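Welcome to my notebook. Here is what I looked up, entry by entry, with the structure alongside.

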Amino acid sequence: MLEEKIRFETLELDLQSFQEIKTDRPQIIFKDRGVEYGKILEALHEYGPFDANTNSRILRRSFNGIELLFFYPETPEKERIIDALDKLAQILREGYTACKHYDITFDGMAREFRLTSFYAPERKDFIGYKPGSLSQSVERNMNLIREIQQRGNIPIVIVGGSAHRSSRARQMEYIEVKKEFTKRDISSQYVSYYEEGRRGLLYSLLEEKSPGLGFEIWNLGLNIYGKAGGIAWIVEQSLSFNVNFADLSIGLRFARDPRRGGYVVGHATILDRFGRLVGCVTSRPLRVTGMTISRENMREYLKNILKKALSDQRVKDVYSISKKKVLNIALHRLNHFHPKEKQGILQAINDIESLYDFKDLKIALISIVKDPSLMLFDVNQRSRDIRWGTAFKLNENTLLLYTTGSIHRYSKRLSYPIIVMNETDEKHSFITKHQELAAHILSLSVLHWQTVIPCSVRLPATIEFAGGVARLFKFGVYPRQNSQLEKTLWFI
Amino acid sequence: MKFVNLMINEGSALDNVAVIKVQAIVQNLKGSYRDFRREMFSKGFSASFYEKFLYIIPIDKVALNTKIYNIKRELRQYFHKDPKNIRVQSINLTADDYWYPLGVKAIRHTLRCSIERKIANDPELFLRGGLQIYNKTFERSYGSCGILKGISLEKVVRIKGENNIALVPTLRFDCFAGNYERVEDPTLRSRIISRFSSRLGPIEYERHMDELMKRILPIVAYISNKKLYFRNWKYSIEVEEGLISLDRWL
């Protein structure tokens, strides 16, 4: 039975223990034997995605082809959007050659992702819809989608439009797209032509100067692959000096719902397989009134999250093959865990312990401060820059951690760290050392399948993905429970 | 060698801080809590309600005894019922129980009091919000508005085992019109501020901080019988180099 002294943790600096901690860069793996590269895209180009290479029956991808459908809204910018979509379809089919020094060549979806079939429609096959009436247009074309599924391919809908995530103008255009396709268990990818802000992939494609798409096409390619249910790479947990690793890493994140009031709590569970972080499952988010979860709600919510994760085939397989009897759970949350939440978590863990036959069950409650005021400056460097992976001990359970920044050389840009605190006492936590805490968060921060710019995301995948789930749920966007879509990265 | 942006208090520790404790609850106030706190601040007190008591902490150098005498008369005008049991008590402001309800607020109030006094003689600086000190020289102009740089001293943290505190100063950039009114248009603000601050490197960050800190430091502030003293914003740390395993990266 887990018991713990429950208190509200706040940051207290321990000047005597200020110390830099040794960290290793987690290995990013594209083949069973392991390939680690400084530049993810070079490795992906050379080896292809992990799930196309692996011999694992459970992890090998179940589809061979992706077929795209292109939708565009009947708005005044329609012609420009169609032109840009046409150009995009061509690039996805035939590839793109780098035209500036920071550009990256893309050899087309089929070649880069080792797909046996890939289809992007011709201009004449693009489907128009009236904003506000997308539902009718989708219904009319459902037979096309079913045909794709019957061929054993994954249908992905690409929708062009003039909304953009940097602006709230026309946000409902984006929400309509997400809502209509998600409720029909179809993955959708929005591509933006945001003329006022001069942003968005479609806008970049039509710029008169040489387009210089940089990471944009690769980012889209990885989004499409993730939404089809593919796993582009996996990440080894760098806890090699310790046999333990996180079996399930769960992120919780709140999103304010101004329309209905209160908040939505989204969660994403990262599954582990033999010390390698492989996939993600979500389940229905929770509605709460404030930014804390009550003890009872937390107990039920976490119990359901754990049951769902433990029933996933990728996890069940590990427990049946290796006769594994230990379960390590890492729970992540922004800011601090409230004492009521901690009580609920411990009760849920005790419930799970009594339901399953685990010999040992440990938990690490990890709170993260996204925008801490504290920063490090390196006096020995001309640029004063701090490199990616630097971890600095602030007290016996807290680190200042650089999950962004430059890897290869000192940068002229300022990198911002996060603060990571392990709120569990040593007896119940499987993360006991600072190195383990840093390694755990760093390995999850490189698990953003959609992030092609290395080391550019500050938060671990658990919290980033949970945020995506919560933000969409507040608009009523969520896939059917236990649907195929729920097992993909539908929320990115 | 590295340094962290940390201003350690080199004055007194914050244990045994003499505070005035009054039996009173916020519901008995005649006006709003906000107005009450503002008025008490203007008279040199930090006032906070916590668990059926009102705690009043003097934030200037006037002797505590004088304050107690005055406070009896002062409080009557703000409450429906006369506050009872006015007494002086010594508390540890950095203890878990008092830190958020009393400690952080009192420290911010006394810092504000001290900085207001300090910048009164410096026409180039102005105070905004709680503890944001801006320089009036525009870093860059965009039409009718521009970017001003400032320092925020709002973040206060405790130092473990020492009953002491530290401030975490951060550089701020904000968008102001020519008359130093803050620009409220969110689109304009996000465009201008992010355009300027996203290009900022660590060297420029340090330079801007040094320029502003030169005018503000040292900071001397008083909480009841304790004196806070901050004189440096860089806390140096000797670190062992090469702690990140680079061989696997390059």
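Entry 1: I began with B:Phe3, which is buried because its relative accessible area is 3%. For burial I used these cut-offs: buried is under 20% relative accessible area, exposed is over 50%, and partly exposed is in between, with a 1.4 Å probe and protein chains only. B:Trp233 is buried too, with a relative accessible area of 2%.

Before going on, I noted the ground rules. This is a predicted model, in which local features need pLDDT of at least 70 and side-chain atom pairs count only at pLDDT 80 or more, while totals for chains, interfaces and linings use all residues. Residues are numbered from 1 along each chain as its sequence is written, chains are lettered from A and ligands numbered from 1 in the order in which they are written, and side-chain values use heavy atoms, leaving out hydrogens and water.

Next I counted ring pairs. Rings of Phe, Tyr and Trp (its six-membered ring) pair if their centres lie within 6.5 Å; planes under 30 degrees apart are stacked, over 60 edge-to-face, and the rest tilted. By this rule I get 36 aromatic pairs over all chains. One of them joins B:Phe3 and B:Trp233: the centres are 5.6 Å apart and the planes stand at 90°, so this pair is edge-to-face. B:Phe3 sits in strand β1 (residues 2-5) of chain B and B:Trp233 in the loop between β14 (226-230) and β15 (234-237), so the pair ties together parts 230 residues apart in sequence. Helices (H or I, at least four residues) and strands (E, at least two) are DSSP runs, numbered from the N terminus.

Entry 2: How far apart are the ring centres of B:Phe173 and B:Phe196? I found 4.9 Å, with the planes at 65°, so this pair is edge-to-face. B:Phe173 lies in strand β12 (residues 170-177) of chain B and B:Phe196 in helix α4 of chain B, so parts 23 residues apart in sequence are tied together. B:Phe173 counts as buried at 10% relative accessibility, and B:Phe196 counts as buried at 10%.

Entry 3: Most residues other than glycine have a negative phi, and most peptide bonds are trans. I looked for exceptions. A:Phe274 is not a glycine, yet has a positive phi of about 50°; this residue lies in the loop between β11 (263-273) and β12 (276-281) of chain A and counts as partly exposed at 44% relative accessibility. B:Asn163, not a glycine either, has a positive phi of about 50°. I placed B:Asn163 in the loop between β10 (156-159) and β11 (164-167) of chain B, where B:Asn163 counts as partly exposed at 26% relative accessibility.

Which form does the peptide bond from B:Leu217 to B:Pro218 take, cis or trans? The bond is cis, with omega near -5°. B:Pro218 is in the loop between α5 and β13 (219-223) of chain B.

**Entry 4: chain B overall.** I noted five helices and 15 strands in chain B. The C-alpha trace of chain B spans about 65 × 50 × 35 Å along its principal axes. Of the 250 residues in chain B, 51% are buried.
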